[in-house]
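Here is a brief report on one structure. Have the sequence and the model open as you read.

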Amino acid sequence: MKKSILLAIFASGLFCQTAPLVDILHITPRVYVLSNAHVHTEPGKSIPQASIVIRDGIIGEVGSKIAVPADATVLDMGGAHIYSGFIDGWVEVKTEAVQRTSRSHWNDLVHPEWVASDYYTYDEGKVDDLHSQGFTQIHVVPDDGIFRGQSSIIDLNAKASITSPIVSQIMDYKIRERGSSEYPRALLGTIAVMRQTLYDSEWYAESHAIYAKYPDKNEPITENVSLDVLGKARADKAPFFIRTEHETAASRAIAYAREFELKLWLLGSGYEYRRLSDIAKANPFIVLPLNYPGKPDISNPQRALQYRIEQLKHWDMAPDNAQKLVKSGLSIAFTTEGLKSPKQFRKNLILSVQRGLDEDAALAALTTTPAKRFGLSKTHGKIETGYHANLVVVDGSYFDESNAIKSVWVKGNKYDIEPGSGLLLPGEWNFSMNGMSGLLKLKGKPSKLSGALTIDTSVIDIKNLNVDGNQMTWTAKLDAEDFPGITRYSGKVENDTMLGFATNSHGDKFPFEGTNFKAAEANKIIKASASNLSVVYPEGAYGFGNTPDQPHSILIDNATIWTSGPQGILKDWDMLIIDGKISKIARDIKIPANNDVLIDGRGKFITAGIIDAHSHTAAASINESAQSVTSEVRIKDVLVPDDISIYRQLAGGTTTINVLHGSGNAIGGHNAVIKLRWGSNAQGLLLEGAAPGIKFALGENVKYDRYFKRYPQTRMGVEQIIRDAFTRARDYDQNLKSYAKKSRWRKTLIPPRKDLELDALVEVLDGKRLVNAHAYQQDEILMLLRVAEDFDFRVAKFEHVLEGYKVAERLAEHGAGGSSFADWWAYKFETYDGIPYNGALMHEAGVLVSFNSDDDEIARRLNLEAAKGVKYGGMSEIDALNMVTINSAKQLKIDKWVGSLEEGKDADFVVWSGHPLSTQSICAETWIDGRQYFSLQKDAELRTRDRLIRQDLIQKILDSEDDGNIAPEAPAPLSTNKDIIKCLWEDDMLREGGLK
Amino acid sequence: MRTLLSFLVIALQFTFASDQIPAPPQVTPILIQNGIIHTGSHGVLDQYDILFDKGTITNIEASITVSPEMQVIEASGKHIYPGLIAGISTLGLVEISDVSVTNDYNEVGEMTPEVRANVSYNPDSEKIPVVRSNGVLFVNTMPTGGRIPGQSSLMRMDGWTWEDATVNHPTAMHINWPDMKINTNPNSKISIEQQEDNRRNALVELNEMMDRVRRYKKMMDNLPKEGVHDIAHDLGLEAMIPYVTGTKPFFVHAHEVRQIEAAVHWSNSQKVKIVIIGGWDAGRVTNLLKENHIPVILQEVLRLPMRRNSHYSEAYALPFKLYKAGVSFCISTSGSGFQSAHVRDLPYHAAMAAAFGLPADEALRSITLSAAEILGVDDRIGSLDVGKEASLFIANGDILEITTQVEQVYINGTTTDMSDKQKTLYHKYREKYRQLGIIRGN
């Protein structure tokens, strides 16, 4: 299947400019006029009946009335449409790990100095595939790493000429294979590496400059090529091009770019439409793959159950992503990345165009936009004098699949496109041979055809069918006059005609002809109009169409109000909410004029929204456990606003949760205190102003790393790890301070390097960051109290703290809170002395106690966990409820805003059908900031809505053609029995791939 | 005097905190007077008396005449319940799940039908007194792991030895139904073909096992009566005979709808009795279950829904769904080793079902009489009826409410030691804070 390259190449060009001649000089004239063409000079502009002059790879004159140069070869294009050559925005090249040197970055996933074009090798098959879709240039990127390296622009010709060696810095949220011991091994760590490395590059650049000026005052710093390259990229305002797998990753990249003021480009995921306004606001350049999902296999209802609504919706909505991006003003280009074969590209793009993507916009995304972004706007992307002769020649409009792409031109050299690659073989021909006539029918996929020949009334199956390019051969047993036995056929397909010869069993040849080809219906596009579905937030079941309203005034009338504040329990009282804040709690409040919402509180109980002091909900990654101290990682970087647990917890009255890092290492990452504002983006979940915090962990989870023997393996070692970390942090802090003093006026000394890990610990030392310490046994609790006291900080709270009851007086004296399980015990050795009286006994001894869930299921019934405080140890009912409201708020230092119903606080409250500690009460309404996020009625409406959407989609899918592409069933649900998760240290519990 | 006596007993237990001592067999008849009796079989009897002797309930009446040999307990305003029954559990077979040497519930091998749970039931497990002091007096303890993990045994929460504690053995032969799902994700490590193969093979192996049992039985049934011949016994096949012949039920662990459907069809084709264990998707196949008279032991009501789309109340509302559809079911806690200590929360699983539609008396039945029926012991336990075993308890309120306290447990007529490891530790450390002057009183 070697294609014929019509015209010889390399007559001139860069490659030969310096190479000595080996023997004799060959010259191939490279002056052409492509006449009689419909020239699309740029998106939105075209000249019918025009000619293009090409001289040595550069476009000369273009127009309808041009003088043909005397030395030109004229090629009649027969009315073909000519476009500027397309640019594929993301093609990965296989890189190979190079020998690391002292100049390399310490982490093997960080190699920004690599250059994609160094690794690019010409692969004829791949180039043919890209040519067949109209591509003449590719933006190549390294294929692996966090900082993968630099991208380049390469021409799709045999010489693989490099147009631009360095375009952008390529990055990815790379996560190592499970079980790896190397840092980072979770998304948390990956993002920390991204951040620390850029800070390092700043420090490196600054240090270099200082050293250059004051070599006598400083020790030279070690050369580091990675940091050097990154520093220069940032100084040059080079784009940072980040690969994203979903819209949440796009949001992460946007936050990252904002932190470091980067020019942001994204490799899109196709899910951008789900958070379009967020993405549009940041306005990154996006290179979009067109890998639309396969058809969900819903052939039986049991299997259909496994598909999530958002998966079914994506099947319907994915082809409209591009037009939505364009309509919101985003600048996009396209890529064949993610397709099983680049050959699906045109078909998918045409589908999007048929569904409403503007043709000019699509053409711009293939030509002018990438040319401009990649710095080629003066030479590429248009058909204009002086531009490179990169062209696509199509029988008609590119956006009509029946028009074949005839050739592409790269730098003035023509590459014919193999006919047949666009052949629509399944269908019918009028067949005639030797006076006989009939019908030739072919069906199936082009790669797997079958068919029959109907002559008069007899139907003869055709066999041994083989397609090679536009040649088609087969056999049929005609058993007719002149054709006894089996006859062999060999034909050539061109447009709607097939011409060929039949060879009968005697070896005689007869010409045959197939005419008036009619393509089979199966090849017609069936999803031709845009989806009529709208996005909900988050996408999928129970998502909201928009943010719940915040009524100006809400009056709760005659309810039993458990304030969790100084007013205690109030029977038949009223509560007034104005603009999301509690305005008044009194026995009888007059209904304000024009009151917006009136809640009849008779028989109902109102409590503050429940606060879960220890959760792992809504985080994509829980634990970066590859190092003993990972205080550089942050949960807020990995929040997943579409975790369905948010909604489920709202349905149990939970409004605020403390999302913690896992307990796999002694010092873990930053936590994030979030309000369960279902539908919001990750940023919008954060409880603004909440004190920052950090996770520590002691005991079994820390000391025995199940895979790798790493210090510590004993509780003795845990203590030393923590002491060591704080000693380092103290030294670091002093170095920073003394540097600031020394360099107040003139920076003559190399500054200490900014260290995200130690920054967090310095904040702990300064009392600005709250320590949430996972601990079970009394010895380790005392140990950490002692360490903290030695370093003069306070532990805010101990997590689980099942033996807190044994040392409650020390906890109280230190001022540490205890956040316990209500009644869990005996699942690990260190929990064998756990007792359900723990909460009550610590409370009685003066410790600030909360009950937490550490579990998505318990988190939706924390009021019942609180009831266990009454059962075990006899707490008063309100004291028990406070363990999941105001006490949690106090422990997290967010009690200024939430945790109790008091005037001036946020209107976060729950309406219960009965007594809040009764198993027979259910949560009827949940409000946050005076917005109703859950109610039984609203829930029923959402349920109906989702059922109908699902029904309609299933009908639509059943009614659609099988494209041979099956979407995977949703991954098995996460262990619903989260036994082993109990604050263990799974690195990425919710692997994000699983969230779609 | 009478109440004072019982109060003293409790106080003594707190003072002399030590390991709990099984009580001697009942010799004194015990009369509990004026209680609110939740019979479990015929409603609630307010202000009734209940009398039991030698371990058996002998009378329930509005007013039973007191005779001098009786120990009389005044229970006015108190609630009397039959002992709660957990349909599946690993209690007694595991002490600390994370410490592997304390785990005795998973024998090596895919098919180990010969193993039986009760022989490794540890009657001195610290968890048992904790569980029973919340009214759960029976658990069906089971082996886990592999395709056929072995046989479960119904255990009573008191006794000197596992033999004392055994109520009934075997209850059932357990089968973990093969996963019917095919992971079609292109990134899946196992190809679709391989998965389909594995699934098919799992069923083939199971059916081969059934077939081997039948042939083995035939061989053993037809051994020549006389003469010298070779005999080779197979303990596994031997153990399977009563189940393969339909005398006793297989407990088939199946959650997903395709598993449940496959298991039901299998039971019909094999002509065996089955009970579905787990049954999280049972609400999708209520007709199938009802038509085939297949009961379900629902594993946990307090759990997450199966799928992202599932309604938040899916698990909570499932018992009501089964009840409405007429499927026979009971509610159990998790059977996992990790959660073996949490059998004590059994009533709260039933309580959540009640909050989401299941009538309160049905909720109680789902952890008492319904469980006894499915476990095949409803002639002996599960309700407060004359002639049944006197395993019951007195509580100060509705057992479905968490804040309710269980005040006294009677197992097989004996007055059960209400102390446990946790109470012991509680009182020990209260004493610490008393010594430090931080707290006062008891």
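In which loop of chain A does A:Ala186 lie? A:Ala186 is in the loop between β11 (169-172) and α3 of chain A. Helices (H or I, at least four residues) and strands (E, at least two) are DSSP runs, numbered from the N terminus.

This is a predicted model, in which local features need pLDDT of at least 70, side-chain atom pairs count only at pLDDT 80 or more, and totals for chains, interfaces and linings use all residues. Residues are numbered from 1 along each chain as its sequence is written, while chains are lettered from A and ligands numbered from 1 in the order in which they are written.

**The residue before α3**

Is A:Ala186 buried or exposed? A:Ala186 is buried, because 30 other C-beta atoms lie within 10 Å. A residue is buried if 20 or more other C-beta atoms lie within 10 Å of its own, exposed if 12 or fewer, and partly exposed in between; C-beta atoms are placed from the backbone. A:Asp906 is 720 residues away from A:Ala186 along the chain, and their C-alpha atoms are separated by 35 Å.

**Domains of chain A**

Chain A is divided into domain 1 (88-356), domain 2 (427-519) and domain 3 (610-898). Such bounds come from an automatic or database domain assignment. The C-alpha centres of domain 1 and domain 3 of chain A lie 35 Å apart. Across this pair, 30 residues of domain 1 of chain A are in contact with 25 residues of domain 3 of chain A. Two residues are in contact if their C-beta atoms, placed from the backbone, lie within 7 Å.

On the domain 1 side of chain A, the elements that give two or more residues to the contact with domain 3 are α3 (187-213) and α5 (247-260) of chain A. The largest share, 14 residues, comes from α3(A).

**Helix α5 of chain A**

The end C-alpha atoms of α5(A) are 20 Å apart. The expected span is 1.5 Å times one less than the number of residues. Buried residues of α5(A) include A:Glu247, A:Arg252, A:Ile254 and A:Tyr256. Their cover includes α3, β12 (239-243), β13 (263-267), α6 (276-282) and α14 (682-685) of chain A. After α5(A) comes A:Glu261, with a positive phi near 50°.

**Strands of chain A**

Four strands form an open sheet in the order β6-β7-β9-β10 (chain A), with mixed pairing. Its edge strands, β6 (86-93) and β10 (162-164) of chain A, each pair on one side only. The twist averages 35° from one strand to the next. Axes here are lines fitted to C-alpha atoms, for helices over the stretch in contact, and angles run from 0 to 180 degrees between N-to-C directions.

Two strands pair if DSSP finds at least two bridges between them.

| Strands of chain A | Sense | Bridges |
|---|---|---|
| β9 (152-155) and β10 | antiparallel | two bridges |
| β14 (285-289) and β16 | parallel | four bridges |
| β18 (405-410) and β19 (413-416) | antiparallel | four bridges |

Facing residues can be picked out for each pair. A:Ile153 has A:Ser164 in β10(A) as its bridge partner. A:Val287 stands opposite A:Ala333 in β16(A). A:Trp409 stands opposite A:Lys414 in β19(A).

β16 (332-335) of chain A is covered on both faces. A:Ile332 and A:Phe334 are buried on one side, A:Ala333 and A:Thr335 on the other. In a regular strand the side chains alternate between the two faces of the sheet.

β18(A) and β19(A) form a hairpin with two residues between them. In that turn, A:Lys411 has a positive phi of about 50°.

**Chain B**

What does chain B contribute where it touches chain A? There, 44 residues of chain B are in contact with 52 residues of chain A. α6 (257-270), α9 (346-355) and α12 (421-435) of chain B each supply at least two residues of the chain B side. The largest share of that side, six residues, comes from α12(B).

Chain B is divided into domain 1 (18-83) and domain 2 (84-182 + 232-381). The centres of these two domains of chain B, taken over C-alpha atoms, are separated by 29 Å. Their contact takes nine residues from domain 1 of chain B and 15 residues from domain 2 of chain B.
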